[in-house]
Amino acid sequence: MQKRVKKSGLRRVETWRWVVRLAFLAFFVVLTFLAAYPPIYAPPSNLFLRFDPLAGLFALTAARSASVFFGYWPAWVLLGLTLLSSRFFCSWICPLGTCFDIVGALKPKALRYYRPHGKEMKALVEERRRGIRPRRIRVKYIILLLVLVLSLVGVNLLYLFSPLVVFNRGVYLILLPQVPVLLIILLLIAFLYRPRFWCEEICPLGVLFSLVSMVGKRPKAVFSPLSVVKDQEACIECGACYRNCPVGVDKSFTREESGRLRSADCTACGRCVDACPTEGALALTSFGLDLSRSSGVSRKRRTGEKALEKPASYGEEPDQRLTVTRKEFIASVGIGAVMVAGYGVGLKGSGGPVLRMPGAQDESVFLAACTRCAECVRACPTGCIKPMGIEDGFQKLWTPRFHPRTAPCTFDKCDQACARVCPSGAITRQAPEYVAIGTAQVNRSTCLAWKGKICVVCKERCRFNAIDVDEHRRPHVNTDNCTGCGACQTACPTESASIQVFPVGRSPEWNGGGRRGGR
């Protein structure tokens with residue numbers, strides 16, 4: 001009867017973890033949906049994006065704004081809790097990690113994921129017997145370093161590596177509907193290879209949490225909001241914990257002393273506690289109170305593994321050299337080369353400035369701060385903001401672009417919704433009288449009025465008195481009043497608009513290839 005109670009207790013903890021994760025996932029999706037105009041204020045639609053401390057650091061270096069930096073207060077609270085506990089965000093909150101686990105749960109039995117085999121587990125025990133415990137430099141740490149270094153020179157790669165940004169953009173594309181290519185690729189990797197491969201080997205946000213967790217592992221479990229505790233006397237060295245860990249943590253298997261596990265990568269998911277066949281060997285605790293404890297269910301039924309031979313002694317003081325395997329070195333060099341090549345392609349295909357929304361006219365600052373989260377695209381009331389494709393290179397991929405032919409920018413009516421929802425400070429609020437998205441130019445060779453026909457649609461649609469007509473009723477743009485809102489371009493009746501908005505200071509380039517026009 002006692003075992004049944006404990007087993008049901010374990011199930012309750014796992015059930016509650018799924019409840020918490022699915023609740024956060026649903027909340028994330030709802031916030032993304034509610035980012036459509038008018039965006040909500042309580043809670044803000046970009047609340048979840050502010051849980052990313054890397055984005056907060058990027059905002060400080062790129063936007064150079066203390067207010068934006070402090071706007072990421074949820075991230076700093078999360079880092080503080082991580083310092084006291086572990087990478088719990090990855091297994092209890094992260095919506096992308098939840099999707100990985102859902103995909104893993106749907107895997108057919110014909111697909112087998114990688115699990116540590118007996119030979120590998122015996123090698124770990126043998127290393128401990130000889131007093132060797134190398135500290136590996138894994139690829140993910142090098143990725144984090146590259147991401148941070150490139151941010152200092154104005155290259156923002158969070159649109160590829162931030163799980164919150166990737167998932168937010170994926171949800172937006174699904175709502176369009178469009179195909180979220182990157183999200184699908186990550187889910188396929190999780191389905192075909194290993195559910196938490198991204199979290200274990202790549203995710204720079206997870207690495208940051210690991211480093212913070214590593215610093216805060218010294219206090220005892222009684223001071224930790226969430227931690228895994230081991231009783232070495234009860235441990236039988238069967239390896240079930242290591243075999244069932246979703247992120248490959250072997251500390252509970254190789255650690256010889258009792259007390260709180262100090263593995264930087266532990267996500268406190270409790271899977272090792274659930275898999276442990278020895279009663280009381282492992283426990284998931286909160287401030288010293290047990291949330292779950294290993295139940296002592298038969299090892300043969302639970303893991304099918306035999307206990308490994310327990311070493312009699314552990315030799316001399318462990319050697320904690322920093323090591324890099326050949327595979328990790330090759331992977332690190334390859335990832336670095338891809339990043340550099342991608343950035344090079346981005347520079348080559350950048351093609352000069354493009355039209356952005358109000359408050360994003362400094363292109364270098366904008367590209368450094370923008371995380372491509374698609375919040376501004378979702379919030380735009382007219383739908384004139386669209387994410388860019390690969391045609392202008394990786395540097396501008398998925399950045400929001402203003403399309404005046406689709407619809408005008410109503411910044412004077414929507415209170416600049418795009419700037420209000422931008423979490424990174426890439427889009428700043430501007431007083432309406434200072435807005436200068438671009439300047440409209442007239443193509444006199446195709447304009448109906450300049451061909452002698454009667455057409456003053458552009459003047460009628462302009463809300464800022466920026467278009468005048470001469471004695472022949474031909475339009476001229478008053479650049480002092482023009483804000484570049486694009487209302488004239490949207491309304492122009494010619495197939496290819498005869499009046500178009502171009503970035504400030506850029507000569508007009510019409511579809512025919514020539515550079516003609518006038519004020």
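**Entry 1: helix 6**

I started with helix 6 and found that nine of its eleven residues are buried, so the rest of the structure largely encloses this helix. A reminder to myself before going on: this is a predicted model. I listed the buried residues of helix 6 as Pro-95, Leu-96, Gly-97, Thr-98, Cys-99, Phe-100, Asp-101, Val-103 and Gly-104.

Asp-101 makes a salt bridge with Arg-21, and their closest N and O atoms are 2.3 Å apart. This pair links distant parts of the chain, with Asp-101 in helix 6 (residues 95–105) and Arg-21 in helix 1 (residues 2–34), 80 residues apart. Are the two partners buried or exposed? Asp-101 has 13% relative accessibility and counts as buried, because the cut-off is under 20%. Arg-21 is buried too, at 1%. I also noted that a network of salt bridges links Arg-21 and Asp-101 with Arg-196.

**Entry 2: other salt bridges**

Next I wanted the wider tally. How many salt bridges are there? The count comes to eleven.

Asp-412 and Arg-463 meet through their side chains in a salt bridge, 2.8 Å from N to O. Asp-412 sits in helix 21 (residues 411–414) and Arg-463 in the loop between helix 23 (457–461) and strand 10 (467–469), so this pair ties together parts that are 51 residues apart in sequence. I found Asp-412 partly exposed at 34% relative accessibility, and Arg-463 partly exposed at 26%.

The other pair is Arg-293 with Asp-290, a salt bridge of 2.7 Å from N to O. Here Arg-293 is partly exposed at 32% relative accessibility, and Asp-290 is partly exposed at 41%.

I then turned to helix 8 (residues 139–152) and helix 13 (residues 204–215). At what angle do they pack? The angle is about 105°, and the axes lie 9 Å apart. Helix 8 and helix 13 are therefore roughly perpendicular to each other. On the helix 8 side I wrote down Lys-140, Tyr-141 and Leu-144, which meet Pro-204, Val-207, Leu-208, Ser-210, Leu-211 and Met-214 of helix 13. Sorted by class, this contact has seven nonpolar residues, one polar and one charged.

**Entry 3: backbone notes**

I checked some loops for backbone details. The peptide bond from Tyr-37 to Pro-38 is cis, with omega near -5°; Pro-38 is in the loop between helix 1 and helix 2 (53–63). Leu-176 and Pro-177 are also joined by a cis peptide bond, with omega about 5°. I placed Pro-177 in the loop between helix 10 (163–175) and helix 11 (181–192).

Which residues other than glycine have a positive phi? Among them is Ala-268, with phi near 55°, in the loop between strand 3 (259–260) and helix 16 (271–275). Ala-268 is buried, with a relative accessible area of 1%. Another is Gln-416, with phi about 50°, in the loop between helix 21 and helix 22 (417–421). Gln-416 is buried at 4% relative accessibility.

**Entry 4: the whole chain**

Last, I stepped back. The protein chain has 24 helices and twelve strands, and buried residues make up 52% of its 519 residues. Of the contacts with a separation of 6 or more, 74% are between residues 24 or more positions apart. The chain exposes about 24500 Å², with 61% of that supplied by carbon and sulfur atoms.

Technical notes:
Residues numbered from 1 in each chain as written. Predicted model: local features only at pLDDT ≥ 70, side-chain atom pairs only at ≥ 80, totals over all residues. Heavy atoms only, no water. Salt bridge = Lys/Arg side-chain N within 4 Å of Asp/Glu carboxyl O. Helix = DSSP H or I, 4+ residues; strand = E, 2+ residues; numbered from the N terminus. Buried < 20%, exposed > 50% of the residue type's maximum accessible area, 1.4 Å probe, protein only. Axes fitted to C-alpha atoms, helices over the stretch in contact; angles between N-to-C directions. Parallel < 35°, antiparallel > 145°, perpendicular 65-115°, else oblique. Contact = heavy atoms within 4.5 Å. Nonpolar A, V, L, I, M, F, W, Y, C, P; charged D, E, K, R; others polar. Areas by Shrake-Rupley, 256 points an atom, 1.4 Å probe, with all protein chains shown as cover.
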